[in-house]
Every structure is written in structure tokens, then in C-alpha cells.
Amino acid sequence: TAFWDYVLLKGGKVVAAQAYNPEETDFRHVVQRIVGTFYAEEDRSKEFKIRLEDWKKNQKSKSAREKFPSDLMPPIVEFDAVFIPDNPKTTGQIAAMLAYNDVPAVPLLGTNLWNTPQIIARGGKAVEKSLFVDSYFTEDNRSEMRKFNNDFEKAFGYKPDVFEVQGYDAAALVGSVLKSSGFDSSRITLREQLARAQNINGATSNLRVSANREVEKNLVPLTITD
């Protein structure tokens with residue numbers, strides 16, 4: 001829902017959406033519903049009849065005409081990308097089924113759940129050029145990220161992960177507010193100052209608190225190549 005709202009906010013369009021059971025392992029019908037082939041006999045009846053007649057004419061034996069092939073109707077691909085807010089295992093299954101149903105290669109969009117080698121192991125070539133985001137990436141070569149990694153490892157003897165980054169950001173946010181409002185300020189004052197916090201130096205980027213009291217920071221865009 002959050003993704004859908006933001007697509008609309010930016011002038012984009014969602015042309016198809018399909019729910020599925022979290023325990024699902026066969027995504028054939030899920031993909032077919034998105035590309036208009038699952039209900040093709042009803043929704044695309046005229047086109048279906050024409051293609052069926054052409055198929056029958058090309059059959060060499062009468063027995064072969066009893067059942068038309070599952071790929072009789074080509075997929076209707078009206079989208080430029082597919083957003084899959086799920087884990088690498090499910091993503092790999094959906095990506096494979098998109099290819100199996102003759103859907104042309106389109107970028108897959110995901111969440112920080114994809115920031116793991118499992119996305120490559122599960123998706124292979126099907127997740128090439130995908131796009132996903134995270135708040136932290138261990139191989140980030142930006143100067144501020146290198147400094148945080150080096151300082152942290154020097155102090156604690158191991159490399160930080162996303163939880164250490166979040167812990168640092170939380171401490172930096174509260175610490176900055178306490179310094180500006182005074183360490184003897186009331187809880188109410190502290191809450192009000194936190195709600196207005198802007199441009200706080202975090203581990204990887206500046207932090208800011210939005211109007212609905214969510215901490216915002218720059219995300220790291222990631223993709224998969226080769």
C-alpha cells in the first residue's frame with residue numbers, strides 16, 4: 001500500500017496487483033492473472049476464439065484438437081516493472097514463473113529483504129538489473145560510510161551491521177536534541193524537540209523527523225549485475 005501510494009504521488013500508475021497466500025509455492029496462476037491469460041476465455045473471448053480456430057486448423061490429427069495448449073493466449077504486459085515485497089525465496093519463484101509465462105524481462109523492484117546473497121542464489125539471471133533499497137550496505141564506498149565502518153571496527157573489533165547503524169542513529173538523534181534543549185529539560189520538551197529534529201548527523205546520512213514522527217534518512221539504491 002505504501003509503495004502504491006507513492007507511485008501515484010509521483011505521477012505513476014499501478015496497472016495490476018495480485019495477492020497470494022504467504023505459504024504459496026506455485027505462482028503460475030498468480031502471474032497468469034496479472035498478464036490476462038488466466039481468464040482469457042472470458043475476458044478476451046473474441047481474441048481467444050480466433051486463436052483457437054487458427055490452432056485447430058494447424059493440427060494434423062483430430063485427437064490433438066481435444067485440448068488447446070496453455071500458452072495459446074500471449075501475455076498482456078502493460079507494466080514497466082514488477083514490485084515484489086517478499087523474501088528472496090518467493091522472489092526467485094515469481095521471477096522464474098514470469099519467464100515461464102513468456103513475460104519479457106522487466107526490472108523487478110524489492111525491499112531491503114533482498115540485500116543478501118540469497119537473492120542471487122534464488123533468482124539467478126531472472127533478478128538481473130533488479131532495484132531495491134536498504135539503509136545500509138557493507139560495501140558502500142562513500143567517504144562517510146567508510147569512516148563509520150573504520151571507526152566502529154576500531155572501537156569494537158568487528159564490522160557493524162544494520163542494527164549497529166540504527167543504534168548509532170538513535171543515539172545521535174537523542175544526543176543532538178539533548179545538547180540543544182539542555183540536559184535538564186523535561187520529557188515533554190525532549191519529545192517536542194525530537195518531533196522537529198532536522199539535519200542530524202547519522203552514521204550514513206543526515207537524519208530528519210517527518211511530520212508524522214518518522215525518522216527519515218537517505219537510502220542506498222542497490223542492483224544486481226553479472
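**Labels and their cut-offs**

Mentor: Start with helix α7 (residues 143–156): its 14 residues should span 20 Å at 1.5 Å a residue, and its end C-alpha atoms are 20 Å apart, which agrees. The expected span is 1.5 Å times one less than the number of residues.

Trainee: What makes a run of residues a helix or a strand here?
Mentor: Both are DSSP runs numbered from the N terminus: helices are H or I with at least four residues, strands are E with at least two. By that rule the protein chain has nine helices and seven strands. Before we go on, this is a predicted model, where local features need pLDDT of at least 70 and side-chain atom pairs count only at pLDDT 80 or more, while totals for chains, interfaces and linings use all residues. Residues are numbered from 1 along each chain as its sequence is written, and side-chain values use heavy atoms, with hydrogens and water left out.

Trainee: Which residues of α7 are buried?
Mentor: Met-145, Phe-148, Asn-149 and Phe-152. They cover an arc of only 95° around the axis, so they sit on the same side of α7; the arc is taken from the directions from the helix axis to the C-beta atoms. The face turned away from that side carries the exposed Lys-147, Asn-150, Lys-154 and Ala-155.

Trainee: Why is Ser-130 called buried?
Mentor: Buried means under 20% relative accessible area, exposed over 50%, and partly exposed in between (1.4 Å probe, protein chains only). Ser-130 has 1% relative accessibility, so it counts as buried. Ser-130 is in the loop between α6 and β3 (131–134).

Trainee: What does Ser-130 touch?
Mentor: Leaving out residues up to four places away in sequence, Ser-130 touches Leu-108, Trp-114, Leu-222, Thr-223 and Ile-224. A contact means heavy atoms within 4.5 Å.

Trainee: Which backbone oxygen does the side chain of Ser-130 reach?
Mentor: That of Val-127, at 2.9 Å. The cut-off for a polar contact is a pair of N or O atoms within 3.5 Å; within protein, one must be able to donate a hydrogen and the other to accept it, and residues adjacent in sequence count only if both atoms are side-chain atoms.

Trainee: What do the buried residues of α7 pack against?
Mentor: They pack against α8 (162–181). After α7 comes Gly-157, with a positive phi near 85°.
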